[in-house]
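The sequence and structure come first.

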Amino acid sequence: MSTLLSSLVTSSSNNVQGDSQSPTAIGAGGLSNTIKNSLRSRPNLRTNIGSSDLDLILNLLTKTGDAAIQHDAATMLGILCNEVHPDEIIAKVCTALLSVLSFSSINVMVRNEILNVLMDVYGDDELYAKVFEPKDVLGHFQQSLP
């Protein structure tokens with residue numbers, strides 16, 4: 001199990017009596033909400049994100065099809081992208097965000113959160129310019145507008 005998930009499962013089992021908070025019992029929606037809230041309230045977790053944790057969050061965003069889970073995943077990515085990361089990581093996150101943004105049936109709340117995250121990530125014009133232009137982030141913004 002990944003670092004973040006291990007921390008959350010341990011934390012949940014220490015704070016909740018009974019088996020109702022096991023990863024299986026929580027389900028994907030409860031797990032995504034738990035991770036999102038933990039990242040918000042426990043900044044130390046943000047530095048413990050491993051590759052498998054990032055892959056989990058990206059899969060929640062791109063493969064679930066559940067608007068609440070996708071929204072939570074986009075929010076998690078926004079929280080994590082407040083830290084400076086290598087361009088490769090930002091490119092991976094950007095690709096996932098842009099792929100979901102291009103879905104024709106995307107939920108308006110999910111679209112809004114993805115646009116917010118992209119604006120936060122690329123708010124500093126110089127920081128991730130090597131990712132912004134090749135990924136045509138501005139073009140995706142323009143295409144997503146009605």
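In this predicted model, the count of cavities of 30 Å³ or more comes to two. The second largest cavity has a volume of about 30 Å³.

**Lining of the second largest cavity**

- Cys81, Ile90, Val93, Cys94, Leu97, Leu118, Val121 and Tyr122 line the second largest cavity.
- Two elements, H6 and H7, each give two or more residues to this lining.
- H6 supplies the largest share of the lining, at four residues.
- By residue class, the lining of the second largest cavity holds eight nonpolar residues, no polar ones and no charged ones.

**Nonpolar core**

- The largest nonpolar core has 37 residues, and the members touching the most others are Leu61, Leu77, Leu97, Ile114, Leu118 and Tyr122.
- At least two residues of this core come from each of helix H2 (23–41), helix H4 (51–63), helix H5 (67–80), helix H6 (87–101), helix H7 (108–121) and helix H9 (137–144).
- H6 gives the most to the core, with nine residues.
- In soluble globular proteins, nonpolar side chains tend to be buried together.
- Leu97, Leu118 and Tyr122 are among the core members that touch the most others, and these three residues are also part of the lining of the second largest cavity.
- Beyond its neighbours within four places in sequence, Leu118 is in contact with Cys94, Leu97, Leu98, Leu101 and Phe141.
- Of these contacts of Leu118, Cys94 and Leu97 also line the second largest cavity.

**Chain as a whole**

- The secondary structure consists of nine helices and zero strands, which reads along the sequence as α-α-α-α-α-α-α-α-α.
- The chain has 146 residues, and 38% of them are buried.
- Of the contacts between residues at least 6 apart in sequence, 66% join residues at least 24 apart.

**Gln143**

- Is Gln143 buried or exposed? Gln143 counts as exposed because its relative accessibility is 65%, and the exposed class begins over 50%.
- The C-alpha atoms of Gln143 and Leu101 are 9.4 Å apart in space, while the two residues are 42 residues apart in sequence.
- Leu101 is also one of the residues in contact with Leu118.

Definitions and conventions:
Residues are numbered from 1 along each chain as its sequence is written. This is a predicted model: local features need pLDDT of at least 70, side-chain atom pairs count only at pLDDT 80 or more; totals for chains, interfaces and linings use all residues. Side-chain values use heavy atoms; hydrogens and water are left out. A nonpolar core is a set of buried Ala, Val, Leu, Ile, Met, Phe, Trp, Tyr and Cys residues joined through side-chain atoms within 4.5 Å. Buried means under 20% relative accessible area, exposed over 50%, partly exposed in between (1.4 Å probe, protein chains only). Contact means heavy atoms within 4.5 Å. On a 1 Å grid over the protein atoms alone, a cavity is a set of points where a 1.4 Å probe fits but cannot get out, and a pocket is an open set with protein on both sides within 12 Å along at least five of seven lines; lining residues have an atom within 4 Å of a point. Grid points are joined across faces, edges and corners, and a volume is the space filled by probe spheres set on the points. Ala, Val, Leu, Ile, Met, Phe, Trp, Tyr, Cys and Pro count as nonpolar, Asp, Glu, Lys and Arg as charged, and the others, Gly among them, as polar.
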